[in-house]
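Here is a short note to read beside the model. Please keep the structure open as you go through the points.

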Amino acid sequence: MRKVYLDHAATTRLNEEVLKEMLPYLTEHFGNPSSIHSYGRKARAAIEEARERVATALGAAAEEIIFTSGATEANNLTIRGIARALREKGNHIITSAVEHHAVYDTCLALQKEGFDVTILPVDEYGMVSVNAVADAITDKTILVSIMLANNEVGTIMPIAEIGKLCRERGIPFHTDAVQAIGNIPVNVDNLNVDLLSLSAHKFYGPKGVGALYLRKGTRLSVYHHGGAQERKLRPGTENVAGIVGLGKAIELAVKDLEPKANRIRALRDKLQEGLLAIEHTKLNGHPEQRLPGNLNVSILYVEGESLILSLDLKGIACSSGSACTSGSLDPSHVLMAMGLDHQTAHGSLRFSLGVDNTEEDIDYVLKVMPDIVARLRSMSPVYQGGSK
Ligand SMILES: *Cc1c(COP(=O)(O)O)cnc(C)c1O
């Protein structure tokens, strides 16, 4: 059976070149980077090279990169680290209703601890408005955190404008850029961000490693204690091979970005056109300001979960909502914030394309989909309009 992977927003396959660079750091060069002997120095040098690579990819300086276990940790470190560092200045945090849970839930946790959290609404396309940010800012605002591109519907936020606003007001601005890296240009100066999170496994790197960009001069309280690694902001023996993999993966991700994105976009557009030709379907997310590989559609009168299982039987992998929330019956908070009713939200499917997808993959999905939808709808008690 043909296997078609269309869930790149959940994770990606490790690039072979990346693996090749990582392997020696799991075996031969196994030293602890904090050791001063040659084994340690070899590992240290590899980490610093990776740091340079990440910095170069983002238009940052090497000393502004802090390696973490992924974006979840980078997001927690940002929000808790700023909240604590600037507690005497104020207690107000601004975020959006469509953030990844690593940002959203951390903000809610701080709210329980007494912080004042503004959760900005989004429009029907999942877009945060710059004016809404401007209106929400007060003298007590200590952090604004808005994602660069949404993981469920792919909507690309006006980060550069929001960043400009925050800079004028002297407020640290964080963006979760996980879904953007390797798909759209990401430069910390062009985006006017002070903190930025990323995760290697979303761009063909290894799992369990990511980074936080921390602009020089941005105050952050330590969160974990126990060592001097990563400027004490992320103590603990480094994931050397993972960090090496992250460095190589981001270098490859930003290389030839435009032709890669154009190719993926063309495949995505073909899939979109084919799926929307099925009756009672609807595009979720912004029609233009959207990641090239993202396609989120609602297929009415069908449960997203049932569709996923039927597609899986045909070798096709996609998701409904985000991988983290699948398995729960609650509709995605992102789709709800966009104003979708429960029915439409439950019928949503996210396809996320990547560099290995081909025209044949898309043809295959479009070939099997109509029958699956028709079969599931024929079993649906709420579907009446479909008798062909
Ligand atoms: C995947 C993802 C994360 C979390 O990354 P981890 O590697 O699981 O820590 C955070 N934000 C967004 C937007 C994501 O897509």
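Predicted model: local features only at pLDDT ≥ 70, side-chain atom pairs only at ≥ 80, totals over all residues.

1. A polar contact is a pair of N or O atoms within 3.5 Å; within protein, one must be able to donate a hydrogen and the other to accept it, and residues adjacent in sequence count only if both atoms are side-chain atoms. A nitrogen atom of the ligand is 2.6 Å from a side-chain N or O atom of Asp176.

2. Residues are numbered from 1 along each chain as its sequence is written, and side-chain values use heavy atoms, with hydrogens and water left out.

3. Which residues surround the ligand? Among them are Gly70, Thr72, His100, Asn151, His201 and Lys202 (near means a heavy atom within 4 Å).

4. Now the helices, which are DSSP runs of H or I, at least four residues, numbered from the N terminus. Helix α2 (residues 38–58) packs on helix α7 (residues 240–254) at about 30 degrees, with axes 8 Å apart. Axes are lines fitted to C-alpha atoms over the stretch in contact, and angles run from 0 to 180 degrees between N-to-C directions. That makes α2 roughly parallel to α7 (angles under 35 degrees).

5. The axes of α8 (residues 257–276) and α12 (residues 359–378) come within 10 Å and cross at roughly 10 degrees. So α8 is roughly parallel to α12.

Key
Helix = DSSP H or I, 4+ residues; strand = E, 2+ residues; numbered from the N terminus. Parallel < 35°, antiparallel > 145°, perpendicular 65-115°, else oblique.
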